[in-house]
Amino acid sequence: MRRSPSARGRVAGVSRGRSVVAVILLAVLVVLTGCAKDRPGDKAQAAAPVAQVTIAPTPGATDVDPVAPVSVTVARGTIDQIALTNASGKQIIGQLSPDRTTYKVAEPLGYGATYTWAGTAVGADAKPIPINATFTTIKPQATIPATINIGDGQQVGIAAPIILKFAGPVTNKAAVEKALTVTTDQGTEGSWAWLPDDDGSRVHWRPKNYWTPGTTVHVAAKLYGVDLGGGSYGDSDVTSDFTIGRSQIVVANAPSHRMQVVRDGATVFDFAVSYGEGNEARNVTRSGVHIVTEKYEDFMMSNPPYYTNVRERWAVRISNNGEFIHANPESLSAQGSSNVTNGCINLSPNDAQAYFPTALYGDPVEVTGTSIALSQSDGDVYDWALDWPTWTSMSALPTQ
């Protein structure tokens, strides 16, 4: 059968139309595929943020030292917002660096507490990164406070020891001693020594030689957060700033029956006195360097069974074994000629009153010429009875 030209034309026309449509669609697909392959934002969306956040201590850490460094640091970016809060929501004081890359906590944390970081860092690619973490500080079995014997602004004598007294036992002595510093404007050489104590623990610091008059002293005991041993930690830091006064030395030679007060190298008093009778150990005035520890205008003394509650005037304590320099009218006839006391140094009322106001805590009282030396058995302050090698050997850090 013969087809008409019109029929053929319609068939051809349709074929040509379909081919054109196919070519157009293919071209569109090629263009679309090319656009999808080269779209500039796709790689950025797939890449990880460039900022790196480092948190110290490690997120989730436990038993953290409350004075350990606590910080957030951002590399290839900056800190946008940041806060560290305790369980009550209180924000902990911190310092953001000028370039906003580091945030450091600027106050000690509490014991046995949980802390939470919250904030945001922004990378150089402008992408935010959340800062979220928690950690927990150590919970001690107990905290032990300490006190320093010399108060701020006090002026003391040239033999004054620094005494740090703990309200409980300390077994980790080396760690404690590392937290203690004594700074002077004279570069004074000295050392800590741990002395026996039945009630807690105590450590003394004294110079190798007497202090230089006028020295300024700063003591810092950074004890908070320090492991004292046995599950106990330091309760708080303590400090003291004081000065060394004039040089005043009491020179007390028992056989001479006299006592001189030497101030800044000059003898300002030369008193007739009476020392311990010395016929038995209990009434021997101990030889060695004592120090003035306290004084009373009136003091009730007892030494049973020999006497009880006897009122004495102008009493300056020089040892915890009961030795005082004080007025005693009853021994007046022996003063300057014989030793008749129970171990104290007796003066006339007028001489004792004259000496009394000049005495400072830490003044050395150098007793010589008796049969028994001052020692540990005579009380808790016998620091100068020990030679320097012995003293330094009682440090927990013997190589310091």
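Where is the place of P57 in this chain? P57 sits in the loop between β1 and β2 (71-75). Strands here, like helices, are DSSP runs numbered from the N terminus; a strand is E with at least two residues, a helix is H or I with at least four. The peptide bond from A56 to P57 is cis, with omega near 0 degrees. Most peptide bonds are trans.

Before going on, some ground rules. This is a predicted model, where local features need pLDDT of at least 70, side-chain atom pairs count only at pLDDT 80 or more, and totals for chains, interfaces and linings use all residues. Residues are numbered from 1 along each chain as its sequence is written, and side-chain values use heavy atoms, with hydrogens and water left out.

Now the overall picture. The chain has 5 helices and 27 strands. Of its 400 residues, 41% count as buried. Buried means under 20% relative accessible area, exposed means over 50%, and partly exposed lies in between (1.4 Å probe, protein chains only). The accessible surface comes to about 20,400 Å², and 54% of that belongs to carbon and sulfur atoms. Those areas come from the Shrake-Rupley method with a 1.4 Å probe; for residues, only the protein chains shown count as cover. Next, contacts, meaning heavy atoms within 4.5 Å. Among contacts with a separation of 6 or more, residues 24 or more positions apart account for 63%.

Back to β1. It belongs to an open sheet of 4 strands, ordered β1-β2-β5-β4, with antiparallel pairing. Two strands pair if DSSP finds at least two bridges between them. β1 (52-56) and β4 (94-96) stand at the edges with a single partner strand each, so one side of each has no neighbour in the sheet. The twist averages 15 degrees from one strand to the next. For that angle, axes are lines fitted to C-alpha atoms, for helices over the stretch in contact, and angles run from 0 to 180 degrees between N-to-C directions. Take the β4 edge. 3 bridges join β4 to β5 (residues 102-105), and the two run antiparallel. Within that pair, G94 stands opposite V105 in β5.

On to the cores. A nonpolar core is a set of buried Ala, Val, Leu, Ile, Met, Phe, Trp, Tyr and Cys residues joined through side-chain atoms within 4.5 Å. The largest has 36 residues, and I162, L164, F166, V176 and L223 touch the most other members. Several elements give two or more residues to this core, including β9 (146-148), β13 (190-195), β14 (201-207) and β22 (288-291). Which strand gives the most? β11 does, with 4 residues. A second, separate core of 23 residues includes M259, Y275, L347 and A359.

Look at F166. Leaving out residues up to four places away in sequence, F166 touches I144, P145, A146, V176, W194, D199, G200, S201, V203 and L223.

Then A221, in strand β15. Is A221 buried or exposed? A221 is buried, at 2% relative accessibility. A221 and A179 are 42 residues apart in sequence, yet their C-alpha atoms are 5.9 Å apart in space.

Next, charge pairs. A salt bridge is a side-chain nitrogen of Lys or Arg within 4 Å of a carboxyl oxygen of Asp or Glu. The count comes to 9 salt bridges. R258 pairs with D270, with the closest N and O atoms 2.9 Å apart. That pair links distant parts of the chain: R258 is in β20 (residues 258-263), D270 is in β21 (residues 266-272), and they are 12 residues apart. Both ends are partly exposed, R258 at 31% and D270 at 42%.

D197 forms a salt bridge with R202 at 3.4 Å. Here D197 is partly exposed at 26%, whereas R202 is buried at 7%. E280 and R282 also meet in a salt bridge, 3.4 Å from N to O. E280 is partly exposed at 35%, and R282 is partly exposed at 31%. Shared partners join K165, D197 and R202 into one network.

Last, backbone angles. Most residues other than glycine have a negative phi. D264 has a positive phi of about 50 degrees, although it is not a glycine. D264 lies in the loop between β20 and β21, and is exposed at 53%. N309 also has a positive phi, near 50 degrees. N309 is in strand β24 (residues 307-317).
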